[in-house]
Amino acid sequence: VIQRKLVQVVTPSTNVDGNIGPDVVHLLAIKEENNGLDNGSVVYGFAFVDCARLRVWVGSIDDDASCSALGALLMQVSPKEVIYESRGLSKEAQKALRKFSLNGLTTPQFTPVQSSTELNSEIRDFIHSKGYFKDSSHSLDHVLSNVIHREITLSALRELIGHLDRLMLYDILQNGDLYPYQVYRGCLRMDGPTMINLELFVNNDDGSLYNCLDKCITSSGKRLLRNWICCPLIDAEIINNRLDVVDDLMANPEIVSHIAQHLRKLPDLEHLLGRIKSSLQLSGPLLLPLLGKKILKQRVKVFGSLVKGLRTVLSLLLLLQKEQPLISSLTKVFKLPILTGSNGLDQFLAQFEAAVDSDFPNYQNHDSTDSDAEILTILSELFLEKAAQWFEVVHAINCIDVLRSFAVTSSFSCGTMSRPVIVASKGTSKDNGGTVLKVKGLWHPFALGDNGCLPVPNDIILGENEDGSHPRTLLLTGPNMGGKSTLLRATCLAVIMAQLGCYVPCESCVLSVADIIFTRLGAKDRIMTGESTFFIECTETASVLQNATQDSLVILDELGRGTSTFDGYAIAYSVFRHLIEKVNCRMLFATHYHPLTKEFASHPRVTMQHMACAFKSKSDTYSIRDQELVFLYRLASGACPESYGLQVALMAGIPEKTVNIASKASQQMKNSIGKSFRSSEQRSEFSTLHEEWLKTLVSISRIEDCNSFDEDVLDTLICLWYELKTSFVSGK
């Protein structure tokens with residue numbers, strides 16, 4: 001009689017057998033809690049597991065109505081499956097889950113689950129009684145000490161444990177490691193909409209920043225690259241450490257070739273380590289006839305492949321230790337355990353190589369015997385005594401793979417690449433010193449120009465340069481299809497690549513580290529989530545206004561176009577004014593609202609540029625049809641005379657008769673509105689900042705008794721004098 005028994009249930013998010021590939025495979029549990037405030041703020045607790053690597057992360061996030069932080073979590077984790085308690089998520093959260101899942105690398109499965117009655121008691125007691133996470137390097141209490149909202153985080157962990165328990169995946173719960181997870185953990189902050197807008201992982205033409213930088217060879221290296229792109233650095237020293245490694249690799253192509261040869265021999269060591277660890281206490285399947293023999297055969301293959309793969313890794317690391325200054329640069333990026341000597345991993349591994357050669361000489365296709373299970377268990381236990389050191393070694397090789405990928409990308413790019421110069425922010429004064437972004441010859445790293453050639457390079461200067469103070473805001477105008485959005489994305493991508501520790505697509509780049517990147521790009525309705533263009537605009541812009549700092553980089557493209565002209569202009573005006581006068585961050589603001597160029601033409605914190613274009617005559621006549629609009633894709637100083645929407649309409653195929661009627665209507669509206677609209681030529685000589693200065697002088701002049709001036713009034717006059725002096729010295 002052959003015994004039949006259900007051992008465990010495997011789903012796409014919990015599968016660990018076979019070739020999983022470079023994609024991360026995460027199972028995410030999420031819980032939502034309303035803060036009870038009128039501003040729509042909510043708290044999410046979450047827990048997710050990588051079953052192949054036996055790692056569980058827990059954490060919490062504060063979010064607002066835009067669900068931008070939830071979007072960042074989903075983009076970073078990229079789960080294969082999301083579980084949530086039935087009726088436990090609001091409609092807004094479920095809409096956000098669908099919205100961001102459509103823009104990720106994988107489309108997750110959404111699974112509502114019932115709360116486990118067995119887990120309604122104290123989760124800590126349940127974990128202790130079951131022996132879950134008993135060998136974790138971090139205790140549950142230690143992990144929770146790094147979490148702000150602990151109760152809702154425990155609720156999410158309860159759902160995750162309950163789900164894995166129902167699937168009988170006890171090896172993951174018993175042997176897994178617990179870690180805290182912070183969505184914006186000491187890195188360049190990018191919310192979900194920003195990651196989508198900048199096409200970090202997906203766009204319609206199969207181009208993305210990930211695809212551009214991915215020259216990695218190993219699957220685990222590709223996963224680390226994805227993690228780095230989600231979380232660029234904000235520490236200038238660590239950024240420069242990575243750049244030093246890239247420099248050394250670019251200067252030594254032979255070493256790069258040797259590294260590649262070793263990496264091509266490697267299996268997925270991260271997953272193999274996890275499978276060895278999970279197999280120790282899972283003896284049930286081995287007792288089953290036929291199935292037990294097959295499983296044992298797989299485990300022998302896994303152990304042998306892991307030992308041989310780690311020998312390749314150690315050979316590479318020992319080779320690199322002889323290379324100076326490369327090894328000095330590498331050890332500043334990652335920590336290496338002791339490799340040589342009596343306590344080194346080299347001798348330790350040699351013992352297991354000898355054991356594999358002796359007991360399992362044909363480990364790839366070993367014929368199992370009754371004694372193999374006991375031998376393999378003993379070897380695995382001894383091998384995992386240095387599990388922490390092995391994980392350090394694997395992480396080191398992953399870093400080398402990614403940095404080699406950066407070096408290859410920088411060396412063999414189709415355009416000019418340069419090492420960014422990272423400078424420290426020089427102060428907090430709103431007008432003097434502080435943040436800078438100066439890029440010469442910037443081009444978009446994965447957008448091709450006409451006829452498949454490189455995009456036209458442009459220069460961007462935001463903030464202080466060697467000549468002194470420079471406006472941090474660029475007000476950008478130009479025709480549709482003129483390259484504004486491409487320039488905005490290229491600027492953000494340059495900052496991200498620089499803070500990754502990679503070369504930047506330009507001739508030169510100087511920047512102070514950005515803390516947050518905000519974007520408001522594109523215009524699309526999300527019918528499936530019930531969101532209009534204007535609603536999306538407002539929610540994304542609200543996040544900018546609430547969170548932007550002086551060190552942020554803000555990109556706003558055609559803000560206000562999703563509603564009526566006057567409402568849209570009013571919103572664009574007020575948002576623009578707030579950001580330049582209250583925040584004064586580095587900002588590129590693209591618009592078709594030409595009155596804005598009059599309103600802020602003389603503002604000392606704003607510089608005007610436009611995407612140049614020209615007309616090419618098809619004949620001697622001067623009709624709209626015979627004047628071909630040619631896009632130059634090059635930045636030019638000053639505001640664009642108009643948006644040339646009628647010419648673009650002709651290019652798109654709208655009949656000439658219709659366009660001629662539109663031309664006459666446009667001229668009539670310009671004549672009727674121009675007299676009353678607050679955009680006269682005289683207005684360009686008087687900025688909104690001048691208004692504030694004038695108001696200050698008027699309020700002080702109303703003080704009748706000069707002797708009653710207190711120190712605050714005198715300080716205000718001194719500051720005003722300094723601002724006026726600075727403004728006129730800079731030519732404004």
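Predicted model: local features only at pLDDT ≥ 70, side-chain atom pairs only at ≥ 80, totals over all residues.
**Largest pocket**

The largest pocket holds about 1,500 Å³ of space. Its lining is made up of 46 residues, and those closest to the centre are Arg53, Arg55, Trp57, Tyr179 and His395. Two or more lining residues come from each of strand S3 (55–63), helix H1 (68–77), strand S6 (177–180), helix H9 (219–230), helix H10 (236–251), helix H12 (269–279) and helix H17 (387–411). H17 supplies the largest share, with seven residues.

The lining divides by residue class as follows.

| Class | Lining residues of the largest pocket |
|---|---|
| Nonpolar | 22 residues |
| Polar | 13 residues |

The pocket lies between domain 1 (1–185) and domain 2 (216–283 + 290–412), because both domains give residues to its lining.

**Helix H2**

Helix H2 spans residues 91–101, and its buried residues are Ala93, Ala96, Leu97, Lys99, Phe100 and Ser101. The cover over these buried residues includes strand S1 (27–34), strand S2 (42–50), strand S4 (81–85) and strand S5 (109–113). Helices H1 and H7 (192–197) are also among the elements that cover them.

**Annotated segment**

An unreviewed UniProt entry lists residues 552–568 under "domain: DNA mismatch repair proteins mutS family". In the model, this stretch is 24% helix and 29% strand. The C-alpha atoms at the ends of residues 552–568 are 24 Å apart.

Methods
Residues numbered from 1 in each chain as written. Heavy atoms only, no water. 1 Å grid on protein atoms, 1.4 Å probe; cavity = no way out; pocket = protein on both sides within 12 Å on 5 of 7 lines; lining within 4 Å. Points joined across faces, edges and corners; volume = space filled by probe spheres on them. Helix = DSSP H or I, 4+ residues; strand = E, 2+ residues; numbered from the N terminus. Nonpolar A, V, L, I, M, F, W, Y, C, P; charged D, E, K, R; others polar. Domains from an automatic or database assignment. UniProt positions renumbered as here; feature names shortened; annotations may be inferred. Buried < 20%, exposed > 50% of the residue type's maximum accessible area, 1.4 Å probe, protein only. Contact = heavy atoms within 4.5 Å.
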